[in-house]
Number of protein chains: 2
Amino acid sequence: MQITVLGNGAGGPYSGRHYTAQLVQVENHLFLVDCGEGTQMQMHAFRTGQDRIRQVFITHLHGDHVFGLIGLLTGWCLKKRSDDLQIFSPPGLQRMIETMIDVCGIRLTYHIDFQEVDANQHCLVFENKKVQVWSVPLRHRTACCGWLFREQPLPRNVIKAKIDEYAIDYRLLPGIKSGDDLTLPDGRVVPNAELTTPPRKSLSYAFCSDTAPSDGVIECVRGVDLLYHEATFTDEHVAEAELSYHSTARQAAEVARQAGVGTLWLGHFSGRYADPTQHLAEARAVFANTHATEEGEVRAVESIF
Amino acid sequence: MQITVLGNGAGGPYSGRHYTAQLVQVENHLFLVDCGEGTQMQMHAFRTGQDRIRQVFITHLHGDHVFGLIGLLTGWCLKKRSDDLQIFSPPGLQRMIETMIDVCGIRLTYHIDFQEVDANQHCLVFENKKVQVWSVPLRHRTACCGWLFREQPLPRNVIKAKIDEYAIDYRLLPGIKSGDDLTLPDGRVVPNAELTTPPRKSLSYAFCSDTAPSDGVIECVRGVDLLYHEATFTDEHVAEAELSYHSTARQAAEVARQAGVGTLWLGHFSGRYADPTQHLAEARAVFANTHATEEGEVRAVESIF
């Protein structure tokens with residue numbers, strides 16, 4: 001599981017930061033999370049590739065998270081994309097995009113399946129063989145949900161020596177990997193625990209932008225390996241954070257601490273800050289394993305548990 | 001009259017070029033022409049200022065000319081803009097923008113007056129004390145009009161020595177600047193030509209993107225001081241230019257030559273070209289006074305007539 005940060009700025013196009021967007025890669029599946037204006041340029045600048053994107057997840061319909069979507073969708077038509085696309089978002093996006101498609105006379109070369117979700121529910125909204133994606137209700141000025149990516153449980157690792165020892169038919173391996181015991185020709189049963197070792201832990205990543213600090217978020221993201229939590233402001237502007245339903249870096253760290261996550265990533269920095277040095281200092285006072293995201297960085301999600 | 005090139009690329013976000021947008025400044029009036037995705041970032045990058053924009057002119061509703069508009073309009077709300085805004089465009093833009101405003105819950109802090117124009121007519125669509133703006137029907141795949149900026153006729157320059165010689169009342173000066181003769185107390189009439197010198201020529205700038213070569217365009221832009229004409233392709237791709245209702249650099253130069261303009265600017269370069277060297281060579285073979293625009297450049301319109 002690997003994250004690419006395309007944009008981590010809030011509000012205006014200041015301080016060289018771009019609007020929110022990330023790519024989440026799970027094995028050969030690529031997901032786009034949020035799509036602020038300029039996202040397609042950022043993908044191009046960072047040479048991320050985008051052809052494998054089949055699902056897009058939008059947290060909410062504020063411009064800095066969604067105004068780049070129509071340009072991306074149109075760009076894919078110019079490239080003659082034919083693969084279906086699913087877009088998950090709070091309600092309203094379908095009407096907006098379809099109006100633009102109509103007004104601008106865009107001839108879609110692929111099918112878009114709009115999945116409008118209830119931002120107040122913590123639900124499984126998508127899964128494939130590798131990953132589940134859950135909605136995470138956020139506390140913002142408009143319907144807004146974070147997205148929680150959980151790798152599907154991984155198969156157990158079969159001990160190679162045991163395959164030889166018991167001359168295991170390869171057709172039985174998928175069952176053994178999923179936990180089956182082995183019944184030998186003479187009727188004896190070899191317990192799975194003798195044949196396999198546990199898989200590595202399934203990784204999890206929660207993307208929470210934009211939100212005021214929320215107990216609900218803490219419950220939904222409990223124990224995730226990596227939490228991206230918005231940190232628009234520093235302590236100095238805590239009143240403004242409250243008014244605008246955003247968080248300070250310290251509040252984000254408090255969420256991370258209470259939720260017992262592995263690592264905290266900060267982003268969605270207000271344009272008033274030239275750099276996130278102060279954010280980092282304030283957050284680390286509460287939760288040491290905190291990182292301030294940088295645009296263009298590509299990092300694997302790791303488990304520290 | 002001064003032009004700022006914010007973006008001069010076509011199609012995808014390639015070769016470091018951005019989508020089409022320009023600022024046209026006439027004395028203290030600032031006009032935005034087209035607004036592709038990323039225009040607000042380009043304004044910020046080039047520190048152009050944008051607070052004085054009261055009119056926006058959109059050539060057509062293809063994404064690379066208009067998808068940056070909603071972000072700009074929203075950004076102005078964050079800055080608490082209160083000045084009215086007029087937006088001139090072919091039909092459909094109002095429905096698109098109003099749907100986005102509704103879906104995204106944008107609370108406009110200022111009034112927008114949508115002026116949807118008939119892209120098939122060469123009409124005066126706007127004027128103030130300093131400038132007129134005319135629509136220029138273009139030949140593209142969708143309703144599309146260029147924009148022709150003409151400075152209003154300038155006042156004649158009163159010869160200072162004549163003011164003293166005839167003890168001219170300062171209240172008579174506006175009339176004299178606009179061409180009135182002077183009647184002296186004794187009834188003698190001093191002809192205006194003795195009192196004034198002609199003003200400099202009013203400057204004109206025509207912005208024509210996107211279009212196939214067009215006789216209609218030649219008629220509309222005849223004799224302008226500066227013509228910006230799209231030059232998406234080079235000779236090598238003339239067939240593609242024809243299919244897509246775009247122009248080659250040579251065709252743009254042919255329009256400039258036949259229209260007898262002063263200077264030709266090229267832009268809207270396809271992403272397949274790393275630089276416009278070939279465009280320039282092919283255009284200058286037809287029309288010597290040709291310039292390939294660069295993003296970020298700011299140039300005064302000059303008359304060579």
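A: I'll start with a fold unit: S5(A), H4(A) and S6(A) make a right-handed β-α-β unit. Right-handed means that, with the strands pointing away from the viewer, the path from the first strand over the helix to the second runs clockwise. Helices (H or I, at least four residues) and strands (E, at least two) are DSSP runs, numbered from the N terminus.

Q: Before going on, what kind of model is it, and what are the ground rules?
A: It is a predicted model, where local features need pLDDT of at least 70, side-chain atom pairs count only at pLDDT 80 or more, and totals for chains, interfaces and linings use all residues. Residues are numbered from 1 along each chain as its sequence is written, chains are lettered from A and ligands numbered from 1 in the order in which they are written, and side-chain values use heavy atoms, with hydrogens and water left out.

Q: OK. Do S5(A) and S6(A) pair in the parallel or the antiparallel sense?
A: Parallel: strand S5 (residues 85–89) and strand S6 (residues 112–116) of chain A are joined over 5 bridges. Pairing requires that DSSP finds at least two bridges between the strands. Within this pair, Phe88(A) stands opposite Gln115(A) in S6(A).

Q: Switching to the interface. How many residues does the contact take from chain A and from chain B?
A: The contact (heavy atoms within 4.5 Å) takes 31 residues from chain A and 31 residues from chain B. About 2,600 Å² is buried between the chains, with carbon and sulfur atoms giving 66%. That buried area is the accessible area (1.4 Å probe) that two parts lose on being put together, summed over both.

Q: And how many salt bridges across the interface of chain A and chain B?
A: The rule finds 2 across it, a salt bridge being a side-chain nitrogen of Lys or Arg within 4 Å of a carboxyl oxygen of Asp or Glu. One of them joins Arg95(B) to Asp102(A), with the closest N and O atoms 2.5 Å apart.

Q: Which helices of chain A supply the side that touches chain B?
A: Helix H1 (39–45), helix H3 (69–78) and helix H4 (93–103) of chain A each supply at least two residues. H4(A) gives the largest share, 7 residues.

Q: What about phi of Arg47(A)?
A: It is near 50°, a positive value in a residue other than glycine. Arg47(A) sits in the loop between H1 and strand S4 (53–57) of chain A.

Q: Last one: how many residues lie between S7(B) and S8(B) in their hairpin?
A: There are 3 residues between them. Strand S7 (residues 124–127) and strand S8 (residues 131–137) of chain B pair in the antiparallel sense over 3 bridges, and Phe126(B) has Val133(B) as its bridge partner in S8(B).
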